[in-house]
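Biologist: I have some questions about the labels on this chain. Could you show me the structure and tell me where each label comes from?

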Amino acid sequence: MSQLQFNNGATVTVNPAVNSTVQGLIWQSGQTQNNTHIMSASSTYGTGRVFVVTDSSPMDDGTGASGNTLFVGWPTLSHTQLFMNASLWLAKLQ
């Protein structure tokens, strides 16, 4: 996974000094892969796991409420693979 569709989201800043397991996975284009401008990240906390994507469009399958503006991103790039793998990781099946 090297690209993520980004229509109207935000970015996150992570702090590995507070939680050493946090890691950025995908950054905005042209940004240095450090602790800022992150569009997708993962972490563990206690016995749990966290996966973050900062824009709903990559997982949007077009089934939103009538009248909403939708950006169908599920089949775009390798989004399906990203979210299926993330789901398996969150469920501790990988």
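Modeller: The secondary structure comes to one helix and three strands, and along the sequence the pattern is β-β-β-α. Please keep in mind that this is a predicted model. The C-alpha trace spans about 45 × 35 × 20 Å along its principal axes.

Biologist: How do you know that strands S1 and S2 pair?

Modeller: Pairing requires at least two bridges between the strands. Strand S1 (residues 23-27) is joined to S2 by four bridges, so the pair qualifies, and the two run antiparallel. One place to look is Ile-26, which stands opposite Ser-40 in S2.

Biologist: And what makes S2 and S3 a pair?

Modeller: The rule asks for at least two bridges, and S2 and S3 have six, in the antiparallel sense. Ala-41, for example, has Val-52 in S3 as its bridge partner. The hairpin of S2 and S3 has two residues between the strands, and Gly-46 there takes a positive phi near 60°.

Biologist: Why is strand S2 described as largely enclosed?

Modeller: A residue is buried when its relative accessible area is under 20%. In strand S2 (residues 38-45), six of the eight residues are buried, so the rest of the structure largely encloses this strand. For the whole chain, 27% of the 94 residues count as buried.

Biologist: What makes up the largest nonpolar core?

Modeller: Six residues do: Leu-4, Ile-26, Met-39, Val-53, Leu-82 and Phe-83. To belong, a nonpolar residue must be buried and joined to the set through side-chain atoms within 4.5 Å. Another core, of five residues, lies apart from it, with Val-14, Trp-27, Ile-38 and Ala-41 among them. Leaving out residues up to four places away in sequence, Ile-26 touches Met-1, Leu-4, His-37, Ile-38, Met-39, Ser-40 and Leu-82.

Biologist: Why is Phe-83 called buried?

Modeller: Its relative accessibility is 8%, and the limit for buried is under 20%. Phe-83 therefore counts as buried.

Biologist: Why is the pair of Phe-51 and Phe-83 called edge-to-face?

Modeller: A pair of aromatic rings is described by the distance of the centres and the angle of the planes. By this rule the count comes to two aromatic pairs. In the pair of Phe-51 and Phe-83, the ring centres are 6.1 Å apart and the planes are at 85°. Phe-51 lies in strand S3 and Phe-83 in helix H1, so the pair ties together parts that are 32 residues apart in sequence.

Biologist: What makes the pair of Trp-74 and Phe-83 stacked?

Modeller: Here the distance is 6.0 Å centre to centre, with 20° between the planes. Planes under 30 degrees apart count as stacked, so that is the label for Trp-74 and Phe-83. Phe-51, Trp-74 and Phe-83 form one aromatic cluster.

Biologist: What makes the pairing of Ser-57 with Asn-7 a polar contact?

Modeller: The two side chains make that contact at 3.1 Å, and the cut-off for the N or O atoms is within 3.5 Å. The distance therefore meets the cut-off.

Biologist: Why is Leu-77 called partly exposed?

Modeller: Leu-77 has 47% relative accessibility. That lies between the limits of 20% and 50%, so Leu-77 counts as partly exposed. Lys-92, with a relative accessible area of 46%, is partly exposed by that reasoning too.

How values were computed
Residues numbered from 1 in each chain as written. Predicted model: local features only at pLDDT ≥ 70, side-chain atom pairs only at ≥ 80, totals over all residues. Heavy atoms only, no water. Buried < 20%, exposed > 50% of the residue type's maximum accessible area, 1.4 Å probe, protein only. Contact = heavy atoms within 4.5 Å. Polar contact = N/O pair within 3.5 Å; in protein donor to acceptor, adjacent residues only side chain to side chain. Phe/Tyr/Trp six-rings, centres within 6.5 Å; stacked < 30°, edge-to-face > 60°.
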